[in-house]
Amino acid sequence: MTVFIATVAIIMTGCQRKPVMAHSGFVHLPKAGWQQTLPLTFNPVYDDSTMTYELSLAIRHHNDYDYSNLSLVVDIIAADSTVNRMPLNFMLADEHGNWSGGGFGTLYQVQYTLKDHVKPDDARSIIVWQTMQDCDTLKGLADVGIIVKPL
């Protein structure tokens, strides 16, 4: 009888759903800068197609970034090729020059929720463009990333 109970317990453990994890993907930007003509493309990872998720955009910048803001355009492309275009203006520093977000040393990260309650087919790919005025090549940014968190 003990062997039977142990066998059933092992089988039942094997049938449990895996926990759904948050995923992130970052693109490291070149030291020479991020050109306006070169968009960044992300393909979010979803563990469970029946769940909804929160999509966030994360920016990592160095202490020597020359601006207090960052202007971007984010295109969220659905499985049916519908495009949801979002112009964004990140405030990276306050009026006194204090950086927002967290960080250590000379690297800071800020995060912005793009959309919540997103189903995987609503966001198959995400394209991010830098749109800073009069700045063909933007220096001082380290990474741009997408974070997918289950709700």
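Helices (H or I, at least four residues) and strands (E, at least two) are here DSSP runs, numbered from the N terminus. In these terms, the chain has 1 helix and 11 strands. Read along the sequence, their order is α-β-β-β-β-β-β-β-β-β-β-β.

The structure is a predicted model, in which local features need pLDDT of at least 70, side-chain atom pairs count only at pLDDT 80 or more, and totals for chains, interfaces and linings use all residues. Residues are numbered from 1 along each chain as its sequence is written, and side-chain values use heavy atoms, with hydrogens and water left out.

The predictor's confidence in each residue is given as pLDDT, from 0 to 100. Its mean over the chain is 90, and 87% of the residues reach 70 or more. Confidence is lowest in helix α1 (residues 2-14), where the mean is 56. It is highest in strand β9 (residues 125-130), at 98.

Two overall values describe the fold. Contact means heavy atoms within 4.5 Å. Among contacts between residues at least 6 apart in sequence, 78% join residues at least 24 apart. For accessibility, buried means under 20% relative accessible area, exposed over 50%, and partly exposed in between (1.4 Å probe, protein chains only). Of the 151 residues of the chain, 37% count as buried.

Two strands are said to pair if DSSP finds at least two bridges between them. Strand β1 (residues 23-28) pairs with β11 in the antiparallel sense over 6 bridges, and Gly25 stands opposite Ile146 of β11. Strand β4 (residues 53-62) also pairs with β11, again in the antiparallel sense, over 9 bridges. Here the bridge partner of Arg60 in β11 is Asp143, while that of His61 is Leu141.

Strand β4 is itself mostly covered, with 8 of its 10 residues buried. Another antiparallel pairing, of 9 bridges, joins β4 to strand β8 (residues 107-118).

Strand β9 holds Ile127. This residue and Pro39 are 88 residues apart in sequence, yet 6.4 Å apart in space, C-alpha to C-alpha. Leaving aside neighbours within four places in sequence, Ile127 is in contact with Pro39, Leu40, Thr41, Val73, Val74, Asp75 and Ile77.

Pro87 is found in strand β6 (residues 83-91). Its relative accessible area is 65%, so Pro87 is exposed. Not counting residues up to four places away in sequence, Pro87 touches Leu72 and Val73. The C-alpha atoms of Pro87 and Thr131, 44 residues apart along the chain, are separated by 9.0 Å.

Most residues other than glycine have a negative phi, and most peptide bonds are trans. Ser81, although not a glycine, has a positive phi of about 75°. Ser81 lies in the loop between β5 (69-77) and β6 and is exposed, with a relative accessible area of 56%. Asp134 likewise is a residue other than glycine with a positive phi, near 55°. Asp134 belongs to the loop between β9 and β10 (137-138), and its relative accessible area of 84% makes it exposed.

The final topic is the pocket analysis. On a 1 Å grid over the protein atoms alone, a pocket is an open set of points where a 1.4 Å probe fits, with protein on both sides within 12 Å along at least five of seven lines, and lining residues have an atom within 4 Å of a point. Grid points are joined across faces, edges and corners, and a volume is the space filled by probe spheres set on the points. The largest pocket has a volume of about 170 Å³. Its lining consists of His28, Leu29, Pro30, Lys31, His62, Asp64, Gly140, Leu141 and Ala142. Ala, Val, Leu, Ile, Met, Phe, Trp, Tyr, Cys and Pro count as nonpolar, Asp, Glu, Lys and Arg as charged, and the others, Gly among them, as polar. By these classes, the lining has 4 nonpolar, 3 polar and 2 charged residues.
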